[in-house]
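The sequence and structure come first.

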Amino acid sequence: MSSTTFDNIARILVTDFHLEPALVRPEAALIELGLDSLALMEFVFAVEDACHLRIPEELLDPREAGITLQRLCEVIEQLVATPAGTVPGHP
């Protein structure tokens, strides 16, 4: 996991969603952050916009229990490293 990716996600959570920086840790599950379902989707859209990509739901469903910030970073980095128009793990 790149610290740059995590730092970008952390900045979004702290500045746009007003979370305490101490809550924003790689091992923190998205559902532990106290975001309701609408805020959680807004967060995902903000991350997608900041990273200039779309996260396919089959790679990461933010409503799924146990998804951590680290996992979100890993998916983003996987998508960034994948040629445009393809979905990692799919032919």
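**Helix packing and core**

Helices α1 and α2 are oblique to each other, a class that takes in angles not counted as roughly parallel (under 35 degrees), roughly antiparallel (over 145) or roughly perpendicular (65 to 115). This is a predicted model, in which local features need pLDDT of at least 70 and side-chain atom pairs count only at pLDDT 80 or more, while totals for chains, interfaces and linings use all residues. Residues are numbered from 1 along each chain as its sequence is written, and side-chain values use heavy atoms, with hydrogens and water left out.

**Overall make-up**

- The protein has 3 helices and 0 strands, and these are DSSP runs numbered from the N terminus (helices H or I of at least four residues, strands E of at least two).
- Along the sequence the pattern reads α-α-α.
- Of the 91 residues, 41% count as buried, where buried means under 20% relative accessible area, exposed over 50% and partly exposed in between, with a 1.4 Å probe and protein chains only.
- Among contacts (heavy atoms within 4.5 Å) between residues at least 6 apart in sequence, 58% join residues at least 24 apart.

**α1 against α2**

- The axes of α1 (residues 3-16) and α2 (residues 37-51) come within 10 Å and cross at roughly 135 degrees; axes are lines fitted to C-alpha atoms over the stretch in contact, and angles run from 0 to 180 degrees between N-to-C directions.
- The crossing of α1 past α2 is right-handed, meaning that the near helix is turned clockwise from the far one by less than a right angle, with anticlockwise giving left-handed.
- From α1, Ile 9, Ile 12 and Leu 13 meet Phe 43, Ala 46, Val 47 and Ala 50 of α2.
- The residues of this contact are 7 nonpolar, no polar and no charged; Ala, Val, Leu, Ile, Met, Phe, Trp, Tyr, Cys and Pro count as nonpolar, Asp, Glu, Lys and Arg as charged, and the others, Gly among them, as polar.

**α1 against α3**

- The axes of α1 and α3 (residues 69-81) come within 9 Å and cross at roughly 125 degrees.
- That angle makes α1 oblique to α3.
- α1 passes α3 in a right-handed crossing.
- Thr 5, Phe 6, Ile 9 and Leu 13 in α1 meet Leu 69, Leu 72, Cys 73, Ile 76 and Glu 77 in α3.
- This contact divides into 7 nonpolar, 1 polar and 1 charged residue.

**Nonpolar core**

- A nonpolar core is a set of buried Ala, Val, Leu, Ile, Met, Phe, Trp, Tyr and Cys residues joined through side-chain atoms within 4.5 Å.
- The largest one has 28 residues, of which Ile 9, Leu 13, Leu 33, Leu 35, Phe 43, Ile 55 and Leu 69 touch the most other members.
- α1, α2 and α3 are the elements giving two or more residues to this core, and α3 supplies the largest share, 6 residues.
- Beyond four places in sequence, residues touched by Leu 69 include Phe 6, Ile 9, Leu 13, Leu 33 and Phe 43.

- Val 47 lies in α2 and is buried, with a relative accessible area of 2%.
- Leaving aside neighbours within four places in sequence, Val 47 is in contact with Ile 9, Ile 12 and Ile 76.
- The C-alpha atoms of Val 47 and Asn 8 are separated by 8.2 Å, with the two residues 39 apart along the chain.
- Glu 48 also lies in α2 and is buried at a relative accessible area of 5%.
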